[in-house]
Amino acid sequence: MRPVIISLITLTLLITLLVSVTPVRAQDNSNGVVLLQPDIINGAPDQKEASLGHYLSILFNTMIGLVGGISVLYIVIGGLQYILSEVPGIKTSGKQKISEALIGLILALAAYLILYTVNPDLVNLNFSVGKIQ
């Protein structure tokens, strides 16, 4: 039974990896990437300088997405443990994994929702510091 679980998890991770891969094009700014340092060599005037808030906002949104993805993965692993096992202790472990993953997912989404409800700028993190003279 164990090789079946390992092969299912490997297949799920492989499919996720293949679906999530996107092509990257060099010198293409159509995706809205803002450079930390403006392009001095090419002299593109339409590019603006990014701030620390911009990168923290990207990091915050990425972390919320990672928490969601890892929670779904743990729900799947717990569900497979619960479905494929005949041992009561492993069934209980599968139920516990599912409930803990749901609690973690709810906590992460609740933190985002509370911050967004209080002030939407708290999740945007678009703060900038003026020039030092």
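When two helices pass each other, the crossing is called left-handed if the near helix is turned anticlockwise from the far one by less than a right angle, and right-handed if the turn is clockwise. The model shown here is predicted. In it, helix 2 passes helix 3 in a left-handed crossing.

Before going further into that pair, consider the chain as a whole. The chain contains 4 helices and 0 strands, and reading along the sequence gives the pattern α-α-α-α. Of its 133 residues, 12% are buried. The accessible surface of the chain amounts to about 10,600 Å², and carbon and sulfur atoms account for 69% of that area. Contacts can also be sorted by how far apart the partners lie in the sequence. Taking contacts between residues at least 6 apart in sequence, 48% join residues that are at least 24 apart.

Now return to the pair of helices. Helix 2 covers residues 52-84 and helix 3 covers residues 88-118. Their axes come within 8 Å and cross at roughly 160 degrees. An angle over 145 degrees counts as roughly antiparallel, so helix 2 is roughly antiparallel to helix 3. What kinds of residues make up the contact of helix 2 with helix 3? The residues there divide into 15 nonpolar, 9 polar and 3 charged.

Start with Ser71, which is found in helix 2. Is Ser71 buried or exposed? Its relative accessibility is 7%, and a residue under 20% is classed as buried, so Ser71 counts as buried. Leaving aside residues up to four places away in sequence, Ser71 touches Ala101, Gly104 and Leu105.

Gly68 also lies in helix 2. With 18% relative accessibility, Gly68 falls under the 20% cut-off and therefore counts as buried. Leu105, named above as a contact of Ser71, comes up again here. Gly68 and Leu105 are 37 residues apart in sequence, yet their C-alpha atoms are 5.9 Å apart in space.

Ile70 has a relative accessible area of 46%, so Ile70 is partly exposed. That class covers values between the buried limit of 20% and the exposed limit of 50%.

Definitions and conventions: Residues are numbered from 1 along each chain as its sequence is written. This is a predicted model: local features need pLDDT of at least 70, side-chain atom pairs count only at pLDDT 80 or more; totals for chains, interfaces and linings use all residues. Side-chain values use heavy atoms; hydrogens and water are left out. Axes are lines fitted to C-alpha atoms, for helices over the stretch in contact, and angles run from 0 to 180 degrees between N-to-C directions. Helices (H or I, at least four residues) and strands (E, at least two) are DSSP runs, numbered from the N terminus. Angles under 35 degrees count as roughly parallel, over 145 as roughly antiparallel, 65 to 115 as roughly perpendicular and the rest as oblique. Ala, Val, Leu, Ile, Met, Phe, Trp, Tyr, Cys and Pro count as nonpolar, Asp, Glu, Lys and Arg as charged, and the others, Gly among them, as polar. Buried means under 20% relative accessible area, exposed over 50%, partly exposed in between (1.4 Å probe, protein chains only). Contact means heavy atoms within 4.5 Å. Accessible areas come from the Shrake-Rupley method with a 1.4 Å probe; for residues, only the protein chains shown count as cover.
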